[in-house]
Amino acid sequence: MRDTVSSTGRGASVSLAGLEKSYERVGAVNGVSLDIRSGEFLTLLGPSGSGKTTTLMMIAGFEQPTKGDIAIDGISVVAMPPHKRNIGMVFQNYALFPHLTVAENIGFPLKQRGVPKAERTKLVGEALELVHLPGYGGRYPRQLSGGQQQRVALARAIVFQPRLLLMDEPLGALDKQLRENLQLEMRRLHADLGITFIYVTHDQEEALTMSDRIAVMNDGLVAQIGSPEDLYDRPCNRFVAGFIGESNFLPATVRGMEGDIVVADCQGAVVRALCPGRPGSGAQVTLTTRPERLRFANGAHDSATVNRMSVTVTEAVFAGERCRYMLQAADGTSMVLKEPSSAAIRRRTVGEQAEIAWSVADTILV
Amino acid sequence: MRGILPKSFVGLILLFLAFPIVVVFAVSFSSANYLTFPPPALSLKWYRVYFSAENWLAPTWLSIWVAACTVVLSTFLGTLAALGLAKLPRPLKVLVSGLILSPLIVPVIVVSIGVYYAFSKYGLVGKPIALVLAHTSLAVPFVVTSVTATLAGIDPRLEQAALSLGATPRGTFFQVTLPLIQPGVIVGALFAFITSFDELIVALFLSGQGAVTLPRRMWEDLRYAIDPTIAAVSTLTIVFTAILLGTAHYLRKRAEQNRTASP
């Protein structure tokens, strides 16, 4: 296989530099730079039209970038046609060849590479084992369920041992139970194969469970990249805080800095927050915190590590494993508080005045 | 299904439509020496006449030959045209497909006159090749329509999948695209065959003395000498065409099934 991407070693590293794709329709990419490490499970997460699928299609070679470069293992592939890139790809609608059997589908990439028939049969059998579908080789795709079809598509995309696997919302068409099973299986496959996965989804839960790192995309740009914990605990802007998990947003006015911590007036209270930048005194900012990190205060707290605020309960919903309260702060800002349920904890009632508390470490200026 | 018209009336309409065929059918098995209905007795003698008369068999073979050549040419050109059309940007696509489909709209008599003048310049009139070329232009629209319809039902990602799996664009066409559009191609080919095999008007202009096709021979027979042979020939033609149409219908159904079964 001359002039194709080399297939020694396990996972490919992928480097996107200032990647752009202009479109009249939605899904444009406006300058994405990413370094994806060898063997990494990276997810491109974003709402529809954020450019995540377009980015993936450019890596696969089905879209030509308007500007910028894509390098796989340090070699630019922008001028290389898709069939020479040696990249596995799984599509949302499976894209199995309806006129070929399962075995012929999985054998397809091997046939293109001139693998002899006997060897092909053996590899196809192994691939079917890997996705838990032994003995299904003689069937046609239409005779399989959606979940089974996606497993076949997965087997087909890895049977030729690519060093990079691209997946475009592969579980989007499946129901929740099946999706969760396949998520675990993909994680296992990723660990076993050791190859690089680039996964596109709009489902934040899926992204959080599966990925080593997530690149959150919005309007054709990477809004933030980091581990699931990074993104959840330290979102660097309001879009990320709102898109991943649930967040409370509190308008505040900066008083000053205490080392790395910003002190601000917020809803009649003094609140401390982690802050990546150094905003000047008097700046209008937004603080964010997660509903499950808030709690009703009891007793005294150290104000250097814990924020406190007086609120009114406006709504109380018991949801089994937890209680969900809607709260109103002094100037009318709504907040959500989630409390693990326990028969030992007194339930709050609507209209009640309460004091809430949460860690400074869980408060971020965005 | 409760219809707008009463069942008996619908039955009458169907009978009216089928009646000529029924009469031709019956007359072809007549023992009489002239066209009469109902036939006095049944006989296969007119079929015997047809199968032993060189002046019937020669035009039949010529028609089959011309139709076969038309099928090869128009299927090849029409399939390529449909594949090309699918890749054209919208405004250009409308224009080009309009041009390709124009033989369906322009009256055949007009096409015939045009083709006659054009071909007579090169001495092609009276040669089978002239019929093949003219019939091809009439048949291409059927192939294009049929292949385009099949192509529209194919997920473009299948081609992307093939490319991502290492198939060359050429390999993708032969291993994925062509097998998937195959039913449409065959249906188009069948229609091309029928278009040419049944064609009279172009043949009237281009057959001359040297390339008399079956429809042309039937037309002449009707003008000069009417005997039940024509009924036997007609019956054979109707049965033959019906078989082709039935095949086309079956293939179309099967292609539809394939399509709905794939996600």
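A few ground rules before we start. Residues are numbered from 1 along each chain as its sequence is written, while chains are lettered from A and ligands numbered from 1 in the order in which they are written. Since the model is predicted, local features need pLDDT of at least 70 and side-chain atom pairs count only at pLDDT 80 or more, whereas totals for chains, interfaces and linings use all residues.

In chain A, the contact between the domains (C-beta atoms, placed from the backbone, within 7 Å) takes 4 residues from domain 1 and 5 residues from domain 2. The domain 1 side of that contact in chain A has 2 nonpolar, no polar and 2 charged residues. The classes work like this: Ala, Val, Leu, Ile, Met, Phe, Trp, Tyr, Cys and Pro are nonpolar, Asp, Glu, Lys and Arg are charged, and the others, Gly among them, are polar.

Over in chain B, 9 residues of domain 1 touch 8 residues of domain 2. The domain 1 side there divides into 6 nonpolar, 3 polar and no charged.

**Where the chains meet**

Between the chains, 19 residues of chain B are in contact with 23 residues of chain A. On the chain B side, α7 (156–164), α8 (169–197) and α11 (229–261) each supply at least two residues, helices being DSSP runs (H or I, at least four residues) numbered from the N terminus. The largest share, 6 residues, comes from α7(B). By class, that side of chain B has 10 nonpolar, 7 polar and 2 charged residues.

**Cores**

A nonpolar core is a set of buried Ala, Val, Leu, Ile, Met, Phe, Trp, Tyr and Cys residues joined through C-beta atoms within 7 Å, where buried takes 20 or more other C-beta atoms within 10 Å of a residue's own. The largest has 130 residues, and L166(A), I198(A), V216(A) and L206(B) have the most contacts inside it. Leaving aside neighbours within four places in sequence, I198(A) is in contact with residues including V14(A), I36(A) and L166(A). Another core of 11 residues lies apart, with L294(A) and W358(A) among them.

Technical notes. Two residues are in contact if their C-beta atoms, placed from the backbone, lie within 7 Å. A residue is buried if 20 or more other C-beta atoms lie within 10 Å of its own, exposed if 12 or fewer, and partly exposed in between; C-beta atoms are placed from the backbone.
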